[in-house]
Amino acid sequence: RCAYKAESYTRKDKYRRSPEPYMYMALCMYQAHVNPDAFDEEFKDPIKDALKYAYKFRKKDKTGELYAMNKRQIDQIREEALNRANFYFNDEDFYKASSEFKRILKVMPGDQNVAFITGVAMVNARNVTEGDRLVQQALDSLNYQQETRTFEKDEVTHASLIKAFVSYTNYLVEQGQQDKALEIIALGRKLVPDDTTLKGQYRKLYAKAPVPEEDSEDPEQQE
């Protein structure tokens with residue numbers, strides 16, 4: 001079995017500092033997740049294990065060359081893990097969602113969509129301090145992507161990203177931070193201008209905002 005062979009290499013002094021055995025472990029665990037019958041369901045939570053080994057692989061792959069060569073396979077692990085995290089997030093089980101997203105974020109620390117969703121899930125799970133820190137970090141990057149027109153829609157995280165914008169701006173309004181909520185929902189609309197959910201949230205928040213009489217035109221015309 002590839003998993004046992006790869007794991008044995010991680011225990012050998014000659015190979016335990018090399019990224020390859022951890023990459024093979026991650027890919028084996030991914031296969032155990034998508035083909036449980038072939039592995040007699042011997043692994044309790046193979047996608048969680050796949051993320052664990054993918055994180056160790058990326059940490060030991062100092063130059064990033066091996067990751068670049070195997071990006072498609074590692075991305076498959078990411079997508080499977082995101083599907084489960086998205087399920088918990090959309091089911092509003094924010095504690096489980098935040099745990100799942102945090103594991104993914106360790107493997108893909110530059111994924112600001114995941115960082116934003118993770119932060120929002122943590123805020124909803126009452127881990128506000130760390131959640132707000134992640135949200136702000138992600139917003140800084142998303143603002144830059146909007147300004148430089150480098151934002152790209154990710155089909156796997158898109159629905160949860162939209163829900164995160166709505167959830168977080170509702171949270172800010174509840175906390176009396178109306179201006180910040182307006183600023184963030186405006187960013188969401190600029191990133192994804194054709195999304196009807198964000199458009200509806202944008203209109204709802206502006207309808208609640210105190211607007212000076214001379215500026216009380218349609219918010220859609222103020223963009």
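Colleague: In which hand does H3 pass H5, left or right?

Modeller: Keep in mind that this is a predicted model, where local features need pLDDT of at least 70, side-chain atom pairs count only at pLDDT 80 or more, and totals for chains, interfaces and linings use all residues. Residues are numbered from 1 along each chain as its sequence is written, and side-chain values use heavy atoms, with hydrogens and water left out. A crossing is left-handed if the near helix is turned anticlockwise from the far one by less than a right angle, and right-handed if clockwise. For H3 passing H5, the crossing is left-handed.

Colleague: How are H5 and H6 oriented to each other, parallel or antiparallel?

Modeller: H5 covers residues 71-90 and H6 residues 94-107, and their axes lie 8 Å apart. They pack at an angle of about 165 degrees, and angles over 145 count as roughly antiparallel. So H5 and H6 are roughly antiparallel.

Colleague: Which residues of H6 meet H5?

Modeller: Contact means heavy atoms within 4.5 Å. On the H5 side, the residues include Ile74, Leu82 and Phe89. Their partners in H6 are Phe94, Lys96, Ala97, Glu100, Phe101, Ile104 and Val107.

Colleague: What is Phe101 in contact with, leaving aside its neighbours within four places in sequence?

Modeller: Phe101 is among the residues with the most contacts inside the largest nonpolar core. Leaving those neighbours aside, its contacts are Leu82, Ala85, Asn86, Phe89, Val114, Ile117 and Thr118.

Definitions and conventions
Core = buried A, V, L, I, M, F, W, Y, C linked by side-chain atoms within 4.5 Å. Buried < 20%, exposed > 50% of the residue type's maximum accessible area, 1.4 Å probe, protein only. Axes fitted to C-alpha atoms, helices over the stretch in contact; angles between N-to-C directions. Helix = DSSP H or I, 4+ residues; strand = E, 2+ residues; numbered from the N terminus. Parallel < 35°, antiparallel > 145°, perpendicular 65-115°, else oblique.
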